[in-house]
Amino acid sequence: MPPRQNSPSRGIRSNLAAVVRPSTERDGAARLFFVDSLLVTVAAFFCFIPGLGAEGFRNWDEGLYCAATRAMLREGHLLYAIHDGLFDAYYGKPPLINWLHMLSVKVFGFTPFAFRLPSAFAAAMSVFFVHQIASRHLGRAAGAFAGLLLLLSLPYAELGRQSLIEPLLGLFA
């Protein structure tokens, strides 16, 4: 009996199985990438979230953003802040930060923690995205280094724990 030849459909099935079921080497790399991402993200949230409401507003911009949110809630205008019944050009910034403040205030009350939470969350997510981008383009070690470098930079850590628009701009930039 002559040896059995591979049919074209059999070759396609074996190639498809190799694509659908990744090798164990790729599974291990994916697990390590997931663990790295999880560790950097947990470290970021651990650095930015605890103690947000422990002290009053430190920066005058924090107070202004909070006053704009309070005015928007009081007057019922969701697109811009009103001051003395008129549009105030200083508060005429994009309202995303105010909308996030409103959501946070509804859940946690009118506290410094509620106003700082959106900025802290955006700062932590920026660390996560920096890690993801660097890991995909430069490798695991570079991704971990880039995420931790951003996390441990003092100005970024300072801005990420205040109720400011800069962490949101950094997240979407």
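In this predicted model, residues 24 or more positions apart account for 72% of the contacts in the chain that have a separation of 6 or more. The chain contains 8 helices and 2 strands, and, read from the N terminus, its elements follow the order α-α-α-β-β-α-α-α-α-α. Of the 173 residues in the chain, 31% are buried, while the accessible surface amounts to about 11,100 Å², with 69% of that area belonging to carbon and sulfur atoms.

Packing between helices was examined pair by pair. Two packed helices are described by the angle between their axes and the distance between the axes. For helix α3 (residues 60–75) and helix α4 (residues 96–108), the axes come within 9 Å and cross at roughly 75°; because an angle of 65 to 115 degrees counts as roughly perpendicular, α3 and α4 are described as roughly perpendicular to each other. On the side of α3, the contact is made by Tyr65, Ala68, Thr69, Met72 and Leu73, and on the side of α4 by Ile97, Asn98, Trp99, His101, Met102, Val105 and Lys106. Sorted by class, the residues in this contact of α3 with α4 are 8 nonpolar, 3 polar and 1 charged.

Helix α4 also packs against α5, here at an angle of about 130° and with the axes 8 Å apart, which makes α4 oblique to α5. The crossing of these two helices, α4 and α5, is right-handed. In this pair, Ile97, Leu100, His101, Ser104, Val105 and Phe108 of α4 meet Phe113, Ala114, Phe115, Leu117, Pro118 and Ser119 of α5, and by class the contact comprises 9 nonpolar and 3 polar residues, with no charged residues.

The pairing of helix α5 (residues 112–138) with helix α6 (residues 140–152) has an angle of about 155° and axes that are 7 Å apart. Because angles over 145 degrees count as roughly antiparallel, α5 is roughly antiparallel to α6. The crossing in which α5 passes α6 is right-handed. Ser126, Val127, Val130, His131, Ala134, Ser135 and Leu138 supply the α5 side of the contact, whereas Arg140, Ala142, Gly143, Ala144, Ala146, Gly147, Leu150 and Leu151 supply the α6 side. By class, this contact of α5 with α6 has 9 nonpolar, 5 polar and 1 charged residues.

Two of the residues in that contact, His131 of α5 and Arg140 of α6, are also in contact with Asp36, once the neighbours of Asp36 within four places in sequence are left aside. Asp36 is found in helix α2 (residues 24–48), and at 12% relative accessibility Asp36 counts as buried. Although Asp36 and His131 are 95 residues apart along the chain, their C-alpha atoms are separated by 8.7 Å.

How values were computed
Residues numbered from 1 in each chain as written. Predicted model: local features only at pLDDT ≥ 70, side-chain atom pairs only at ≥ 80, totals over all residues. Heavy atoms only, no water. Axes fitted to C-alpha atoms, helices over the stretch in contact; angles between N-to-C directions. Helix = DSSP H or I, 4+ residues; strand = E, 2+ residues; numbered from the N terminus. Parallel < 35°, antiparallel > 145°, perpendicular 65-115°, else oblique. Contact = heavy atoms within 4.5 Å. Nonpolar A, V, L, I, M, F, W, Y, C, P; charged D, E, K, R; others polar. Left-handed = near helix turned anticlockwise from the far one by under 90°. Buried < 20%, exposed > 50% of the residue type's maximum accessible area, 1.4 Å probe, protein only. Areas by Shrake-Rupley, 256 points an atom, 1.4 Å probe, with all protein chains shown as cover.
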